[in-house]
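Subject: Structure handover

Hello,

My notes on what turned up follow below it.

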Amino acid sequence: MSEYQVAQQKSPVFYDRYFRKDELQHQTHYCPGCGHGVAHKLIGEALAELGLQDRAIIVSPVGCSVFAYYYFDTGNVQAAHGRAPAVATALRRSNPESIVVSYQGDGDLAAIGTAEIIHAANRGENITVIFINNSIYGMTGGQMAPTTLIGQTSTTSPWGRRANNEGFPIHMAELLSALEAPVYIERVSLGDNKNILKARKAVRKALELQKQGAGFSMVEILSPCPTILKMDPVVARKFVNETLTKQFPLGVFRDRKPEITVVNPPQRSVAEVLGIKKETATAEEKAARKAFTHDVTMKIAGFGGQGVLLMGQLIAEMGMREHMEVSWLPSYGPEMRSGSAHCHVTLSHERIGSPLITKPQVLVAMNEISLRKFAPQMAQGGLILYNRDKVPEDFTLEGARVVCVPASEIADQIGSAKVANVVMLGALLEETECLPVETAWGVIKSFVKNEKLLAFNKEALEAGRKYVDEKVLVGACCQPDGCGY
Amino acid sequence: MRQLCKGNVAIVKAAITAGCRSYYGYPITPASEIAEYAALLIPQVGGTFLQAESEVAAINMVYGASSAGQRVMTGSSGPGLSLMQEGISYLAGAELPAVVVDVVRGGPGLGNIAPEQSDYFAVVKGGGHGNYRNIVLAPASVQDMYELTILAFELADKYRNPAVILTDGFVGQMMEPLEIEEREVKQPEKPWAVKGTAETRKNLITSIQLSADQLELHVRHLEAKYKECEKNEARYETYMADDAEILLVGYGIVSRVLRSTVDIARQHGMKLGLFRPISLWPYPSKALADTAKKCSKVMVVELSTGQMLEDVKLALNGTKPVDFYSRVGGNVPSAEEVHAEIFARMEALV
Ligand SMILES: Cc1ncc(C[n+]2csc(CCOP(=O)(O)OP(=O)(O)O)c2C)c(N)n1
């Protein structure tokens, strides 16, 4: 080697030896005349010049450059086909000081990974994408790429790409330039030395912008693939410069910084965020409260908007504050959108088995549909609270009591239809005595912040209790008027 | 202290407790609250929440964050989980820890959003490609959602492998008291991570092993790791199993139903017991075989047409008759229903 004068050193960003294959430690796996090697060199040089080697992470794609990590002496992550921008997104966000390069082919970026590139660009991820457009799938042996030219043959476009069958070549630089967030997008070519020097500048600029934290940058590199295109390297370069550039014009498509208003979320301690407060009750105090509560299973049902889910939650919260075991299980999803909702609530002094209640001891029916639907499920000796002053004429039921409480009407008189559920809660507590009413008030106070609404709630809770006390006769059973013997 | 908490929310609180500061996800019922609460809470403790453009992107973001050394989580349900399978295979292949939550809904296809247990094969047997395993934990209560999520982070890091919380719409939507305290959760050093620093420059995250010998070596390494995990991490609980004539087996929400079935049956003088696998992989096969020794029959109840059933049969290896009862489509049997079914089947024998 001593007779040679080394004019230009290998970039220190490359390893001295490539351990991919024992017998080929001084050469890459790329074919003679392939553009990947040149593109690697441009990245390596730029990282070295900008002093970014330690901070750099190269995300290698699936494609011919899947082994990029054998060459770059940087942090390396290999990604699934098309997903490099998603992987790069999280790498960069996890370590904001890192410099992340998403290196991708045209199948990787413009076909299978279209969603990932568009959204990474649209979010303005602080990453640099090096996009190698060689108009063909290299690694898998020459299938059509989304960038393949009209009329260009490939193993999967045997008659040449036909616009009527495969559509037109896709222009990623132009497409991404239609987005707000990207700061720099340029298309360059590796077709001759002059263009390679331009490409060199573009790669450097993109990385420099990332170093400044400017945002998303992409350099689309038109690149020769002599082996697959069955051209000798010189012809392949010419193809890039003379044919590919006609379809994919070179130039800068985006070079500007968007206006971004930064909004930062408030910062709180872990305990605050998790809602952890100090426990005050002792074991004796907890045990003593047992006398004021008893086990019950309930179903609460009605129209969406009548607050049946919330009523269930209030009861579950009360049970919990009284140191019971509780469970609350809602109906959820489209079922709710159709207008009806229900929930299952269990209060128990023991560990709760199934939270699903099929034989409720208490049913709160806020409308007639719920009454008819769930009343037949009642446990023997159960209690139904019905939101009317009487049950429907044709309604009969054995084995359960119905107490009619016109909660909606009472709520209207109070001045807010919203508190019908709390009227019912008052009635339920008075009738079942499963939980102390002061606990209900405590829970309501912590749920309702609006002063006026809180006053309505207080009135509602009292009204429900009073109604049961004064208007409902002891031992009422199921008669059309709701309170006969 | 206790706070009334939804299952899905408990998962997010557990993640924060476990030091997870990265969440990448995509909305889907009945798992959306996980994304919604992660969006609300994780940024407030200085973390990253990002709604990805798809589950495909989300799981690859998880791959990126895990590569960078973060404790990271995503959550989804059936259709989304199917899309994540490639990424989960890559995580296992590259030996990256991550926690994935599957709040199972009805399938196949769009199915519906009601609870099922029909993702068992996809999650426990590994719906992605290649020789890998997920560590799979199945919570049955809100407290479980919290504890098992923390455990999932620990096991994922310990074995450098994805861990899945396999739960369903009921446990996800349910509210129960959550016992929660501030706790110190240790995170291991991750000297293998790629952080964009001088110390981690030498590191590489990849799942490609080009030569047959290299890949065999790697697969054998994973296999040995999975054997170790099988030895250490099988978890289960039993209820009244000691003197049971019929041993019920069910996980997740079904185990709750079966617990009530045991109570009802015992009131009627029928000796039922319950075996509840907590880890679905590794499956507590040995414990199940031991527990079943004294009973005359085992009955599996599942919200699928018989997925975990296969693991029960493998564990018992023909030593006991295995009966099966299932509901699907979003129907969850009541304790009374299961009891009546068992009773009817016994009648049929007489
Ligand atoms: C999900 C998935 N689908 C398909 C493949 C097979 N595959 C490997 S590389 C490749 C094409 C890559 O082409 P391109 O991105 O243009 O890169 P090049 O090889 O030309 O550099 C394909 C289809 C894969 N690895 N994964």
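B:E95 counts as buried, because its relative accessibility is 13% and the cut-off for buried is under 20%. Keep in mind that this is a predicted model. B:E95 sits in a chain B loop, between α4 (78-93) and β5 (98-106). Its backbone stands out too: phi is positive, about 55°, and the residue is not a glycine.

For context, most residues other than glycine have a negative phi, and peptide bonds are mostly trans.

B:N317 also goes against the phi rule. Its phi is positive, at about 50°, and it is not a glycine either. B:N317 belongs to the chain B loop that runs between α11 (308-316) and β16 (322-326). Is B:N317 buried or exposed? B:N317 is exposed, because its relative accessible area is 63% and exposed means over 50%.

Next, the cis peptide bonds. One runs from B:T29 to B:P30, with omega near 5°. B:P30 is in the loop of chain B between β2 (22-25) and α2 (32-41). Another cis bond links B:W281 to B:P282, with omega near -5°. B:P282 falls in the chain B loop between β14 (279-281) and α10 (285-292).

Now the ligand. Which chains supply the residues around it? Chains A and B both do, so the site is shared between chains. The shell holds 17 residues, and the closest are A:C64, A:D106, A:D108, A:G138 and A:M139. By class, 6 are nonpolar, 8 polar and 3 charged. Helix α3 (residues 106-112) of chain A gives the largest share of the shell, with 4 residues.

- A:H36: a polar side-chain atom, 2.9 Å from a ligand oxygen.
- A:C64: a backbone N or O atom, 2.9 Å from a ligand oxygen.
- A:D108: a backbone N or O atom, 2.8 Å from a ligand oxygen.

On its own, the ligand exposes 590 Å², and the protein buries 76% of that area.

Best wishes

Key
Residues numbered from 1 in each chain as written. Chains lettered and ligands numbered in written order. Predicted model: local features only at pLDDT ≥ 70, side-chain atom pairs only at ≥ 80, totals over all residues. Heavy atoms only, no water. Near = heavy atom within 4 Å. Polar contact = N/O pair within 3.5 Å; in protein donor to acceptor, adjacent residues only side chain to side chain. Areas by Shrake-Rupley, 256 points an atom, 1.4 Å probe, with all protein chains shown as cover. Helix = DSSP H or I, 4+ residues; strand = E, 2+ residues; numbered from the N terminus. Nonpolar A, V, L, I, M, F, W, Y, C, P; charged D, E, K, R; others polar. Buried < 20%, exposed > 50% of the residue type's maximum accessible area, 1.4 Å probe, protein only.
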